[in-house]
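Subject: Structure handover

Dear colleague,

Here is the structure you asked to look over. My notes on what was found in it follow below.

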Amino acid sequence: MYEESSRIAAIVPCHNEEITVAKVVGDLKAAVPGITVYVYDNCSSDRTSQRAAEAGAIVRKENVPGKGNVVRRAFADIDADIYVMIDGDDTYEAAHLPEMIDTLLSGPYDHVLGVRQDNQETTSYRPGHEAGNKMFNRLTGWLFGSHVSDMLSGYRVFSRRFVKSFPAISRRFEIETELTVHTMSLRLPTTEVAVDFRDRPAGSESKLSTFKDGFRILGLISALVRHERPRLFYGTLTTVLAALSLALGLPVVWEFWQTGLVPRFPTAILAAALMGLAFLLGSVGLTLDGLRRARRETSRLVYLSLPAVSGRPLTQRRDLTQDRDPRQTGPADDEFSAPEAGLFAEAARLEPSRQVRARFAS
């Protein structure tokens, strides 16, 4: 719920973000009053923890390197109604957070993705990052049959049932890919919101490696396709091996049909072995597809066992506060059930001393 009693938690993974973390914490608290900001210090060698604590964040440490390890730890430890994930490098505009939370509630959705939009004349993407991001977006969308505009974005808002049903296994920057594929595989309600994206401030350095992390993401996509779409993965291997077997074996069969001889005996053995392997991989794919279906149904049931996000968006709550009668001594009537609203209305007409007695009597 996104009301005064709601628990909204922001998770900020940090590694040597002394320069920017205080501003990120301050911007989050200014954007959403009452938000609880958790800064996870991931093996920092500077004063990241000190700066975060001074800014009003709850600081925790994760001693196993990698953003994926931080997210897995935070999702397990933090109990909230709405979760926000944002990087501690001050490249994302925190002012978009109320819009993202309102969007989550208006659906209701379980996942809102902040799609990065450059707000500078010079691009904020490092060389190769933008092209690689577009390639991964298209590849993942094609493999899993769902469109995504910025799968590597680190700015997201989640419902409680998304977080508590997400089996985080990634260790490093592949975590964004895993989050995106989890949304696609379970077909969870999700949407996108455009957010401003800017360069890091002077003195702050990116921890991303274009090629190293790119290959890690590609490897994770391959592993997720094997686990989440085994018929596609093993079916492709089966088709390739069967085609190769036929290409090698058909000339041998034709020659045997014409002459009754098999002069290329090694080729015949290889063709038979490839066809046997193709049938074996096809059987494995069908078996794993059945297991995947059972696993996905179990995951879906775990997801459905948790309550959906609900509540009044921030903008509506502010409008309600502005429209209240200044003489009203209690909360707005529509924040209570009908009997409770009646009690407050009746108490407002009593003398002050009788108001107190009526309040205790209720």
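Helices (H or I, at least four residues) and strands (E, at least two) are DSSP runs, numbered from the N terminus. The model is predicted, so local features need pLDDT of at least 70, side-chain atom pairs count only at pLDDT 80 or more, and totals for chains, interfaces and linings use all residues. Residues are numbered from 1 along each chain as its sequence is written, and side-chain values use heavy atoms, with hydrogens and water left out.

Overall chain

The protein chain has 13 helices and seven strands. Of its 362 residues, 43% count as buried, where buried means under 20% relative accessible area with a 1.4 Å probe, protein chains only. A contact means heavy atoms within 4.5 Å. Among contacts with a separation of 6 or more, 75% are between residues 24 or more positions apart.

After α7 comes R187, which has a positive phi, near 55 degrees.

G68 is in helix α3 (residues 67-77). It is buried, with a relative accessible area of 0%. Leaving aside residues up to four places away in sequence, G68 touches S170, R171, R172 and I175. G68 and S170 are 102 residues apart along the chain, yet their C-alpha atoms are separated by 5.1 Å.

Second largest pocket

A pocket is an open set of points on a 1 Å grid over the protein atoms alone, where a 1.4 Å probe fits, with protein on both sides within 12 Å along at least five of seven lines; lining residues have an atom within 4 Å of a point. The second largest pocket holds about 410 Å³ of space, the volume being that filled by probe spheres set on the points, which are joined across faces, edges and corners.

Its lining has 24 residues, and F144, G145, S146, M184 and S185 lie nearest the centre. Two or more residues each come from β5 (111-118), α7 (175-185), β7 (190-197), α9 (230-259) and α10 (265-304). The most, four residues, come from α7. At least three lining residues are drawn from each of domain 1 (8-128 + 139-207) and domain 2 (222-305), with bounds from an automatic or database domain assignment.

Annotated segments

The unreviewed UniProt entry annotates residues 232-257 and 269-291 as "transmembrane region"; such annotations may be inferred rather than shown by experiment. Residues 232-257 are 100% helix and 0% strand, with end C-alpha atoms 35 Å apart. Residues 269-291 are also 100% helix and 0% strand, with the end C-alpha atoms 33 Å apart.

Regards

Definitions and conventions: Buried means under 20% relative accessible area, exposed over 50%, partly exposed in between (1.4 Å probe, protein chains only).
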